[in-house]
Amino acid sequence: MAEIRLEQVRKAYGGVVAVHGVDLTIRDGEFVVFLGPSGCGKSTTLRMIAGLEEVTAGTIRIGARDVTELEPKDRNIAMVFQNYALYPHKTIYDNLAFGLRMRKMDPAEIDVRVQKAARMLGLEDYLARKPKQLSGGQMQRVALGRALVREPDVFLLDEPLSNLDAKLRVRMREEIARLHQDVGTSMVYVTHDQVEAMTLANRIVIMRDGHVQQIGAPLEVYDRPANLFVAGFIGSPEMNLIEGRVENGLFVAGSLRVALPAGTQASGDVALGIRPEHLALTSEADGVAFTVRVIEQLGAQTLCVGEAGGERLRILVDRVDSWSPGQSIGVRFPAAKLHLFAKSSGQRIETAKP
Ligand code: ADP
């Protein structure tokens, strides 16, 4: 087990910069998720940690060792990919044992490790099978097992669940979380799926265009997104973001007026953010008039898209059966739940504590 430290790690392909100077310390035993849209540089960063890509500049340390120039095989990492990359003609047992045999490990020790991994992953009954006789979820478990038997300092996982169907993805997500709890080894995990990041990570590193946008615990980035990009990327359904301006302690957009917490230091053009689950229902007399347009019943909750003061808003509330399109209801913008961002820079503006 070991801490991983990236210092000003940069990657350019010719003139194209894929990763601009990342500084990050991943604590021993931590589960860190790199999250961002396709092309933001998350895989490249992971592959630099693995040694599969050379860094253009910067230093990578694992534990006390500077591994920047080391071959992947000398870094004591294990990697799990989206395509399981199993040997089709070998049994599951041999797939799990292969890497250890290549390292000339004692067969008795190999057997101990393979049996232990198979037990942890529920693969005991499949050891004699070939990969094509397994389901996608089972194959991904074998891929995880192959990393597990190595007993590495760090697990690196690149979109490991994206080939699985939605239901299986949720189940495997739980298994990976449990595996991390059981082995306690640092894991670095790449995904574009913010739900996966929120549910698995101790800390999320949110990236865009090769730049780190924010690093924080899932609920930290949910509660205090550092900028408009993070605000829009984290949270499902997405945060409502309304462009407008601050006038005399009020947020103003069209005919919509929202009171900001007293003492908030902001002026000029801003974007106001409020999560769909934070808009509160109230009487029309006490709140802002909201016209219901589209109703999505999710079961326990109702998601509704509509308009208030000419602005499109989503609200998410405990199940309501009685709404119909065209109906007007009252909504409230609780001051403690408001987010403000400067329009020019997109950066968060702290609101006063109400
Ligand atoms: P992500 O994993 O976030 O989808 P990547 O790390 O794979 O993104 O890629 C980051 C950027 O680097 C992208 O713009 C991609 O096109 C570019 N890139 C990745 N690999 C190469 C390569 N081998 N040659 C040139 N450009 C690359």
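Mentor: Start with strand S11 (residues 240-247), which runs antiparallel to strand S14 (residues 268-274) and is joined to that strand by seven bridges. Strands here are DSSP runs of E with at least two residues, helices are runs of H or I with at least four, and both are numbered from the N terminus. Two strands count as paired if DSSP finds at least two bridges between them. Keep in mind that this is a predicted model, in which local features need pLDDT of at least 70 and side-chain atom pairs count only at pLDDT 80 or more, while totals for chains, interfaces and linings use all residues. Residues are numbered from 1 along each chain as its sequence is written, and side-chain values use heavy atoms, with hydrogens and water left out.

S11 and S12 make a hairpin with two residues between them, and asparagine 248 in the turn has a positive phi of about 50°.

Next, the six-stranded sheet. This open sheet has mixed pairing and the order S6-S7-S8-S3-S9-S10. Strand S6 (77-80) and strand S10 (211-216) are the edge strands, each with a single partner, so one side of each has no neighbour in the sheet. Neighbouring strands are turned against each other by 15° on average, direction ignored. Five bridges hold strand S9 (residues 203-208) antiparallel to S10, and isoleucine 204 stands opposite glycine 216 of S10.

Two helices pack on this sheet. H1 touches strand S3 (31-35), S6, strand S7 (154-158), strand S8 (186-191) and S9, contact meaning heavy atoms within 4.5 Å. The direction of H1 makes about 150° with that of S7; axes are lines fitted to C-alpha atoms, for helices over the stretch in contact, and angles run from 0 to 180 degrees between N-to-C directions. H5 touches S3, S7 and S8, and its direction makes about 160° with that of S8.

Among the buried residues are Lys42, Leu46 and Ile49. Glycine 51 follows H1 and has a positive phi near 90°.

H5 (residues 166-183) also packs with helix H4 (residues 136-148), at an angle of about 20° and with the axes 11 Å apart. That makes H4 roughly parallel to H5 (angles under 35 degrees; over 145 is roughly antiparallel, 65 to 115 roughly perpendicular, the rest oblique). Residues of H4 in this contact include Gln140, Arg141 and Leu144, and those of H5 include Arg171, Met172 and Glu175. The contact divides into seven nonpolar, three polar and three charged residues. Ala, Val, Leu, Ile, Met, Phe, Trp, Tyr, Cys and Pro count as nonpolar, Asp, Glu, Lys and Arg as charged, and the others, Gly among them, as polar.

H4 also meets helix H2 (residues 92-102), where the axes come within 8 Å and cross at roughly 30°. H2 is therefore roughly parallel to H4. Ile92, Asn95 and Leu96 of H2 touch Val142, Gly145 and Arg146 of H4. By class, this contact has three nonpolar, two polar and one charged residues.

The five-stranded sheet remains. This open sheet has the order S15-S19-S16-S17-S18 and antiparallel pairing. Strand S15 (280-282) and strand S18 (311-318) stand at its edges with a single partner each, so one side of each lacks a neighbour in the sheet. The twist from one strand to the next averages 50°. S15 runs antiparallel to strand S19 (residues 328-332) over three bridges, and threonine 282 has glycine 330 as its partner in S19.

Threonine 291 belongs to strand S16 (residues 288-297) and is partly exposed, with a relative accessible area of 21%. Beyond its neighbours within four places in sequence, threonine 291 is in contact with Val305, Gly306, Glu307, Gly326, Gln327 and Ser328. Leucine 313 is 22 residues from threonine 291 in sequence and 9.6 Å away in space, C-alpha to C-alpha.

How values were computed. Buried means under 20% relative accessible area, exposed over 50%, partly exposed in between (1.4 Å probe, protein chains only).
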